Structure formats: C-alpha cells, structure tokens
Amino acid sequence: MFGRGFKRGMVNALELPKEVILNLPLISLTGKEELVIENYKGIVEYSDEIIRVSTAVGVLRVGGKGLLLKQLTSECIVITGSIQNITFLT
C-alpha cells in the first residue's frame, strides 16, 4: 500500500527501530570472534571458511577461519571463529 520510502520516512520521524519495521538485518560484531545476525532469511552456504546468509537486503558473506554456527534460531544466527571479512553481495 505504502512505498518503501514512505515507511522509511515514518520510521525516521517516529524514531522506530528500523530493523523491526523494515525487516532489515541487525548485525552485531564482537571483536573478530563472534557475529550475531538478526532478521535473516536463511543460510545459503556453510563451511569453516565461508558462511553466506540471505537477508532482506541481499546475501551477507562472512569469511574467516574455523567458522562455526554456534546458535541458530528463527530469530538470529550466532557465528564464531576467526572472522576476517563481512561483505554484502548484490
């Protein structure tokens, strides 16, 4: 009904959490050892060096060594290991 621009404007004007209203991923990095991704859609690829996660704004590629899915729920993913890079793929 309303365009994405309208929703974004309302979120900004009312200071609502963007990740909830616009279904955007919320990404939290703790050092180089732990990455938490909320509002994801699914896992595209999983190995100990690359994990690709589908989100509403594209695929998030996590590269590193010894990567492990420590936690996987319907709300969030927790990745641990030696995280070397994080990239959004288009």
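Tutor: The chain exposes about 5,700 Å², and carbon and sulfur atoms supply 54% of that area; accessible areas come from the Shrake-Rupley method with a 1.4 Å probe, and for residues only the protein chains shown count as cover. This is a predicted model, in which local features need pLDDT of at least 70 and side-chain atom pairs count only at pLDDT 80 or more, while totals for chains, interfaces and linings use all residues. Residues are numbered from 1 along each chain as its sequence is written, and side-chain values use heavy atoms, with hydrogens and water left out.

Of the 90 residues of the chain, 27% count as buried, where buried means under 20% relative accessible area, exposed means over 50%, and partly exposed lies in between (1.4 Å probe, protein chains only). The chain has 2 helices and 6 strands, in the order α-α-β-β-β-β-β-β along the sequence; helices (H or I, at least four residues) and strands (E, at least two) are DSSP runs, numbered from the N terminus.

The 6 strands form an open sheet with the order 1-2-6-5-4-3 and antiparallel pairing, two strands being paired if DSSP finds at least two bridges between them. Strand 1 and strand 3 stand at the edges with a single partner strand each, so one side of each has no neighbour in the sheet. On average, neighbouring strands of this sheet are turned by 40° against each other, direction ignored; the axes behind such angles are lines fitted to C-alpha atoms, for helices over the stretch in contact, and angles run from 0 to 180 degrees between N-to-C directions.

Strand 1 (residues 26–30) pairs with strand 2 in the antiparallel sense over 5 bridges, and leucine 29 stands opposite leucine 35 in strand 2. The hairpin of these two strands has 3 residues between them, and there glycine 31 takes a positive phi near 60°. Asparagine 39, in the loop between strand 2 and strand 3 (40–46), also has a positive phi, of about 60°, although it is not a glycine. Most residues other than glycine have a negative phi. Asparagine 39 is partly exposed, with a relative accessible area of 26%.

Strand 5 and strand 6 pair in the antiparallel sense over 11 bridges, and leucine 69 has isoleucine 79 in strand 6 as its bridge partner. Both belong to the largest nonpolar core, which has 12 residues in all, among them Leu35, Ile77 and Ile83; a nonpolar core is a set of buried Ala, Val, Leu, Ile, Met, Phe, Trp, Tyr and Cys residues joined through side-chain atoms within 4.5 Å. Strand 2 (34–38), strand 4 (50–55), strand 5 (58–72) and strand 6 (76–89) each supply at least two residues of this core, and the largest share, 4 residues, comes from strand 5. Leaving out residues up to four places away in sequence, isoleucine 77 touches several others, including Leu35, Tyr40, Val53 and Leu69, where contact means heavy atoms within 4.5 Å.

Finally, consider threonine 55, which lies in strand 4 and is buried, with a relative accessible area of 6%. Its side chain reaches the backbone oxygen of glycine 58 at 2.6 Å. Apart from its neighbours within four places in sequence, threonine 55 is in contact with Pro25, Lys41 and Phe88.

How values were computed: A polar contact is a pair of N or O atoms within 3.5 Å; within protein, one must be able to donate a hydrogen and the other to accept it, and residues adjacent in sequence count only if both atoms are side-chain atoms.
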